[in-house]
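Hi,

Here is the structure I promised to pass on to you. Have a look at it first, and then read my notes below.

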Amino acid sequence: MKNTINLPKDDAGCGWYAALPEQPACTRLQCEQRADFAVIGAGFAGLAAARRLAEQLPQARILLVDAQRVGYGASGRNSGFVIDLPHKFALEHPDPAHKQRLLGLNRAAIAQLQGLTEQHQIDCQWSHAGKYQGAVGGRGLAYLDHFERLLSDLGEPYQWVEREQLAQVVGSEHYSRAIYTPGCYLMQPAALVTGLARALPANVELLEESPIQRLERDGRVGWILHGDHGRILTGKLLLGTSIFTQEFGYLKNRLLPVMTFASWTRPLTDAELARYGGRLDWGLTPADHAGTTVRMTQDRRLIIRNTYKHVPKYGASTNDAMRQRVREQHRTAFLTRFPQLADVPITHTWGGVYAISRNFTNFFGEVEPGVYASACDNGVGAAWGTISGTLLADLALAADSARLRDIQAVTGMPSLNPPEPFLGIGVRSRIRLAAWSSRSEL
């Protein structure tokens, strides 16, 4: 296929990863390796796929390979929500059965992750905290009313939370009201994925800092994965590579690489916590999708997430100056919500890239004989990655289940994008319009 690929090149500013204990030395791809299965991408999807393959075939050799350290990429950079409800546009799908399938898949993922955190005692701030959907002004309130109607149609429980009650939780009177839904879990994403990697079955071998530069079809062994210092020969290949799937020649011109940014504070002191006046361990997403996500972690850090960028070259499309501008925007959003904490500094600002499609469709399936892919999570990575990776392994093993049929029913082919430069112009214009329209919610 291609001689070179665009690698993630994620920035070094991720607070979640910086907060981890020092990570042990990694094993890298060296020389020639043979495996029954190879999995590229050690995020939520790849970890789940490798685990499932190993559990079903305990005598098989499975190689799980990633260009970076586990937890350094997108799976360790999100805001730490594991959401059960169909998210954003998926909640507006006209078919109730479609939404019920998504609910079942997401909740199966949550049950799987909870079981693994308990079984392996993964210290990742895992918490059944639920989630607040918050609104500031009239635009947000209109979205919140729409959200209530969608929840009612779905038959899911929710609770209205008014300004005074909400302020007791989030330590801010900035929000007019919110809707609380109980099914969401919170976690420290880098701690979760590194913990999952440490707990992989013995017949999974993890190769980190080992970018695969080229795939080669081989009539004798199946596939040859070419790295910088070695290669892998395998009969079947699973791609848990999300947006990077297109770098291997699949789903070309069908995925949109978008980066969203987050910042957080250092842990609040006792005195600052008293001034803050809210609780620990909650998460709030904006009723207006282009608004600001806010979290308070169990270890007293406040997180602000907003700002979206089109990043055709992923991390290489960003730079320190861009992140500094984003940090200033985050600082403004922070002070608007928490003026009582004006002396608390932001210590880390980072970006994370994910894949969306123009028709908001996730891809799941076999892209050519012997190659399977889960790509385009449309911004819901933790739950979707976990369940899609698990079921992708089942598909590769020719297994059958109700869950596998469900995921095949709710996925499809992402629509084609217009060619450049029209794609970039359109995406950037839409992002700017969304930010301007949602400025009261930022």
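**What I found**

The side chains of Thr292 and Asn306 are joined by a polar contact of 2.8 Å (a pair of N or O atoms within 3.5 Å, where within protein one must be able to donate a hydrogen and the other to accept it, and residues adjacent in sequence count only if both atoms are side-chain atoms). Please keep in mind that this is a predicted model, in which local features need pLDDT of at least 70 and side-chain atom pairs count only at pLDDT 80 or more, while totals for chains, interfaces and linings use all residues. Residues are numbered from 1 along each chain as its sequence is written, and side-chain values use heavy atoms, leaving out hydrogens and water.

To find Thr292, look at the loop between β13 (282-286) and β14 (293-296) (helices, H or I, of at least four residues and strands, E, of at least two are DSSP runs numbered from the N terminus). Thr292 has 1% relative accessibility, so it counts as buried (under 20% relative accessible area; exposed is over 50%, and partly exposed is in between, with a 1.4 Å probe and protein chains only). Beyond its neighbours within four places in sequence, Thr292 is in contact with residues including Tyr175, Ile304, Arg337 and Glu441 (contact means heavy atoms within 4.5 Å).

Tyr308 is part of strand β15 (residues 302-310). Is Tyr308 buried or exposed? At 18% relative accessibility, Tyr308 counts as buried. Not counting residues up to four places away in sequence, Tyr308 touches Lys88, Val258, Met259, Thr260, His289, Tyr354 and Ile431. Its C-alpha atom is 9.1 Å from that of Arg428, although Tyr308 and Arg428 are 120 residues apart along the chain.

Now for some helices. How do α3 and α9 pack? Helix α3 meets helix α9 (residues 381-396) at an angle of about 90 degrees, with the axes 8 Å apart (axes are lines fitted to C-alpha atoms, for helices over the stretch in contact, and angles run from 0 to 180 degrees between N-to-C directions). That makes α3 and α9 roughly perpendicular (65 to 115 degrees; under 35 is roughly parallel, over 145 roughly antiparallel, and the rest oblique). Among the residues that meet are Leu102, Leu105 and Leu113 in α3 and Trp384, Ile387 and Leu391 in α9.

Helix α3 (residues 96-119) also packs with helix α10 (residues 402-410), where the axes come within 9 Å and cross at roughly 125 degrees. The two helices are therefore oblique to each other. His98, Arg101 and Leu105 are among the α3 residues making this contact, and α10 brings residues including Arg403, Asp406 and Val410.

Helix α6 (residues 189-198) is largely enclosed by the rest of the structure, because nine of its ten residues are buried. Those buried residues pack against α1 (15-18), α2 (44-56), α3 and β8 (204-207). At the start of α6, the backbone nitrogen of Ala190 has a side-chain oxygen of Gln188 within 2.9 Å.

With a relative accessible area of 49%, Leu416 is partly exposed. Apart from neighbours within four places in sequence, its contacts are Lys252, Asn253, Arg254 and Arg358. Leu416 and Leu251 are 165 residues apart in sequence, yet 8.8 Å apart in space, C-alpha to C-alpha.

Enjoy exploring!
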